[in-house]
Amino acid sequence: MSADILIINGRLFPESGSSDLVDNGFVAIRNGLIVDVGPMTDMTGYETGNLIDARDTLVMPGLINSHCHAAMTLFRGLADDLELAAWLNDHVFPAEARHVSPEMVYWCSKLAAAEMLLSGTTTVADGYFFEDKAARAFCESGLRSVAAHGVIDFPAPGVPDPSRNIEAAARYIGAWRNRDPLVTPAVFAHSPYTCSTETLKKAKMLAEENELLFFVHVAESQIEQSMIRDPWGETPVKHLDALGVLDERTVCVHCVWVDEEDLDILAGRNARVSICPQSHLKLASGYAPLSGMLDRSVKVGLGTDGAASNNGLDLFREMDMCAKLQKVRSLDPVAVKARDVLRMATKAGASVLGFDNRSGAIRKGYLADLVLVDLKKSNLQPFYSPDNLVYAAGGADVRDVIVDGKIVVREGHPLTIDLDETLFQVRKIANHLA
Ligand SMILES: [Zn+2]
């Protein structure tokens, strides 16, 4: 038998939810898929031109970032310590109006792709303007993406006339459908307070016609509650439900200010959720009622949001913060466990993004999206259980990354991204902004 890549002698963590580690295991990869996995004693006769000795590493599924605005790396640290409304209206929206260009989105998304791949993220769900440039940056970088075209009822970069926002999204979908196996296009309506009911319905319809995901920020802040309640007398979730846009292909991002009825609606509609704990903390939005979601079997993924409100894109940090935030929220140290957030960042995240039973675990037939974590790092010893990945590891502990059966990071260095050129281009754009 032949394998494009054969990983040997690694400690395997095949799947969250199971605490079973395989002490000395192998993974065989062919044509972008995992074709075999197990203990070394079961490995028989593989030929390969690409052998990775994974001694002293933990081989785990690649992490899945279920919500990001990659190009916002340009705004990292530009406006910190502000409340959401002031941050958005006085800083982010004006900076975007002046500085978001196709070139900016391309280079700043490439910078984000480098940061994510180097810290073990193998799939990202992105939503922004000029999303075709982001999609190009992701696929050139070898990062798997669900890349969603932004829709908002304001004049936006690339769509100066908001009455044409659905048309622009449709054009983007037409261009990226079935174009590259690494990119799945989608639609991202900014929020119920920046999109009219008509826009929300049309954006969802466009996504449905193409059997694609529909993303929307919802119930992020307390003030959003009153903005939606004033005209419609409903919570943001009930408002979206009344419009008929909640179903299994809708990803509701944030869901911080949701009540018990909202949670029942999300569960009843089988809507997906992505929460972004560090963004919620930094903007003092609050904390999403994660236990209430998990108790109702709502599929919840973990996102970083953009680098302007986080300010990093490292999902290891996000997992740690997510678990601890839920503990302090409920004053219950067993409320949300390490394995719950590991699942959110792998298998559940995959399910949120429509990769059910195809990604988020090291199993035969799954996409070959894997990460090798360096167990020689002092902060990871001793390694009794995968809980260390949540409470002790960081993105800097990632050694090698494989996406779609291709090695994209080796020994901590990106193989698919010219990092010097990317940094040069981003600094040039940042200097202009400054
Ligand atoms: Zn967001």
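The second largest cavity of this predicted model holds about 40 Å³ of space. Phe75, Leu78, Ala79, Trp87, His91, Val92, Ala95 and Ala308 line the second largest cavity. By class, this lining divides into 7 nonpolar residues, 1 polar and no charged.

In total, the structure holds 4 cavities of 30 Å³ or more. The largest cavity has about 260 Å³ of space and a lining of 26 residues, with His69, Met72, Leu88, His190 and His217 nearest its centre. Helix α1 (84–99), β9 (121–128) and β10 (144–151) each give at least two residues to the lining of the largest cavity; the largest share, 6 residues, comes from α1. The lining of the largest cavity is made up of 14 nonpolar, 9 polar and 3 charged residues.

The whole structure has 4 aromatic pairs. In one of them, the ring centres of phenylalanine 26 and tyrosine 46 are 6.2 Å apart and the planes stand at 45 degrees, so the pair is tilted. Because phenylalanine 26 lies in strand β3 (residues 22–30) and tyrosine 46 in the loop between β4 (33–39) and β5 (47–48), the pair ties together parts that are 20 residues apart in sequence. Tyrosine 128 and phenylalanine 129 form another tilted pair, with 5.1 Å between centres and 50 degrees between planes.

| Residue | Relative accessibility | Class |
|---|---|---|
| Phenylalanine 26 | 1% | buried |
| Tyrosine 46 | 13% | buried |
| Tyrosine 128 | 4% | buried |
| Phenylalanine 129 | 12% | buried |

Arginine 179 lies over the face of tryptophan 176, 3.9 Å from the ring centre.

How values were computed:
Residues are numbered from 1 along each chain as its sequence is written. This is a predicted model: local features need pLDDT of at least 70, side-chain atom pairs count only at pLDDT 80 or more; totals for chains, interfaces and linings use all residues. Side-chain values use heavy atoms; hydrogens and water are left out. Rings of Phe, Tyr and Trp (its six-membered ring) pair if their centres lie within 6.5 Å; planes under 30 degrees apart count as stacked, over 60 as edge-to-face and the rest as tilted. Helices (H or I, at least four residues) and strands (E, at least two) are DSSP runs, numbered from the N terminus. Buried means under 20% relative accessible area, exposed over 50%, partly exposed in between (1.4 Å probe, protein chains only). A charge sits over a ring if NZ of Lys or CZ of Arg is within 6 Å of the ring centre and within 35 degrees of the ring normal. On a 1 Å grid over the protein atoms alone, a cavity is a set of points where a 1.4 Å probe fits but cannot get out, and a pocket is an open set with protein on both sides within 12 Å along at least five of seven lines; lining residues have an atom within 4 Å of a point. Grid points are joined across faces, edges and corners, and a volume is the space filled by probe spheres set on the points. Ala, Val, Leu, Ile, Met, Phe, Trp, Tyr, Cys and Pro count as nonpolar, Asp, Glu, Lys and Arg as charged, and the others, Gly among them, as polar.
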